[in-house]
Amino acid sequence: MPNKNDMPSIQQRIGFIAAMVGMFMAILDIQIVASSLNEIQAGVSATPDEISWVQTAYLIAEVIMIPLSGMLIRWLSTRLTFVLSCSAFTLASVGCAMAQTIDQLIVLRAIQGFVGGAMIPIAYALGFRLFPPRMMGIIQAVIGMIATTAPSIGPTLGGYITLSLSWHWLFLMNVIPGILASVVVWFNLHIDEPDFSLFKKIDFTGLLFLALFLGPLEFVLEEGPGEDWFASTEIIIFSLISMCSAVAFFWRALTVDFPIVDLKVFKDRNFALGTVLGFIIGIALYGLVYLMPLFFGTVRQFNSLQIGEIMFVTGATMFFTAPVFGKLSDKIDARYMLTFGLFLVGLGAIMNSTLTTESGYEHFFWPQIVRGVGLLVCILTATRLAMGTLPDHEISNAAGLFNVMRNLGGAVGLATMDTIRDFRFDYHWTQLIHAVDTTRDVVVQQLYQSQMQLTGMVSDPAAAAIKQMAQRVMLQARVLSFNDLFLILGVLYLCAVPLMIFMRKPESAAGPVAEH
């Protein structure tokens, strides 16, 4: 383990790059199946309700593992934890590709998400543990670029692979990078020693409560919008399990000598506020990746490759601006940069709050650039503000907590967006349908024109013309509901700016990475 002001060795830098590869795979696999669910459904003979669990199982398992990573690192060491995680992730990926039934695929996706979840906080923690404060800007820029681009390109890459090869390669593509990352980390990243005696101290009761808290919570957030929330008995039961387990988990974590997750790190004000900001960042990071394809798929009827070409702007913006803002973060107070980032994300979202049924690439180009820069700045500075003032022995645990809060922010954001979208769609439909009055000349004229066009094509042209007009009203209501969501997201980010007032001033001009 190098001195805080020393550069890591060549071996450690190579190991760090390998860990970044593992983190990229784990984040990418959350979304890579999103655009290929129809092909996977046909391949394993699943129903539409069953196939959604290919993503849900991964997310639930991952969100349970992420906060456990700190404990595993103390017990097994950073190197062994990563290698076991990456190796098991690779094997689970092969299993997913070989799955013959939907049940097998769901179980293997859960295993894949669980074992892969440890690689994300390990990569974050290594950035702080290996590199000196003067390097934090560029290191956090690299991590931020991976964390933002992986979910952005996931659906597009998945759609391209499925069209070019088959859905099996969505999982088989992990094999070679997984093997290489495991081998490279094992031989190059020996920075701490395992303490196997800690196994006897592990609070397995707390682990059970954590799983029963986060697992059902993720399930409720994933399935709630589709089940009309508490109209579903299943949602009520899982909500109660999650609530009761949450109380039990927090009680155990605050009373036992060796908790499964150490919550005392929240005493650090910057970390506590940083995780709140991480939660908010997660809403945009996953929410915008969800909203844009949904808009283009339901309103414009674009395919996955067309959507990917449009969304490429965000990824390209982050890629090319990461080094610039990484360097700037070493010279500018991170609080000011985070304020700038939150403002840009909010502005970029509001710029897309005036969409129409014809909106396409040109309407999303500049908003994506603005949001891309804002998201990148938010991620690299929020992480730095949250964990930069912590001592080394708390970094691994803090990285797990920060990442699980960001993922939960994404889950809560998606569930909330689905609910708001349905509510606002009903509202706009009700408002618009009153304007379709057959006493108005323009309505009568439109119906007549449609009826004439459909004559000879359908058995009842009059009914078909009315149905066609209803579909046009429905489409307009859908677009207006998307506009409402972009506006709400923008306002949320602008309202988060005042949180900067409560953040501690960084201890050096280079940012808040204190030397311990």
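Beyond its neighbours within four places in sequence, Thr-381 is in contact (heavy atoms within 4.5 Å) with Ala-334, Met-337 and Leu-338. The model is predicted, with local features requiring pLDDT of at least 70 and side-chain atom pairs counted only at pLDDT 80 or more, whereas totals for chains, interfaces and linings use all residues. Residues are numbered from 1 along each chain as its sequence is written, and side-chain values use heavy atoms, with hydrogens and water left out.

Thr-381 belongs to helix α17 (residues 361-387); helices are DSSP runs of H or I with at least four residues, numbered from the N terminus. Because its relative accessibility is 0%, Thr-381 counts as buried (under 20% relative accessible area, with exposed meaning over 50% and partly exposed in between; 1.4 Å probe, protein chains only). A polar atom of the Thr-381 side chain lies 3.5 Å from the backbone oxygen of Cys-378.

Ser-69, in helix α5 (residues 69-76), is likewise buried, at 0% relative accessibility. With neighbours within four places in sequence left aside, Ser-69 is in contact with Ala-118, Pro-121, Ser-396 and Gly-400.

Gln-100 is located in the loop between α6 (78-98) and α7 (102-116) and is exposed, with a relative accessible area of 59%. A polar atom of the Gln-100 side chain lies 3.0 Å from the backbone oxygen of Met-98. The C-alpha atoms of Gln-100 and Val-44 are 5.7 Å apart, with 56 residues separating the two in sequence.

Not counting residues up to four places away in sequence, Phe-271 touches Val-265, Phe-266, Ala-386, Met-387, Leu-390, Ala-398, Leu-401 and Phe-402.

The largest pocket has a volume of about 1200 Å³. A pocket is an open set of points on a 1 Å grid over the protein atoms alone, where a 1.4 Å probe fits, with protein on both sides within 12 Å along at least five of seven lines; lining residues have an atom within 4 Å of a point. Of the 44 lining residues, Gln-31, Ala-34, Leu-37, Gln-55 and Tyr-290 are the closest to the pocket centre. Helix α18 gives the most to the lining, with eight residues.

Key:
Helices (H or I, at least four residues) and strands (E, at least two) are DSSP runs, numbered from the N terminus. A polar contact is a pair of N or O atoms within 3.5 Å; within protein, one must be able to donate a hydrogen and the other to accept it, and residues adjacent in sequence count only if both atoms are side-chain atoms. Grid points are joined across faces, edges and corners, and a volume is the space filled by probe spheres set on the points.
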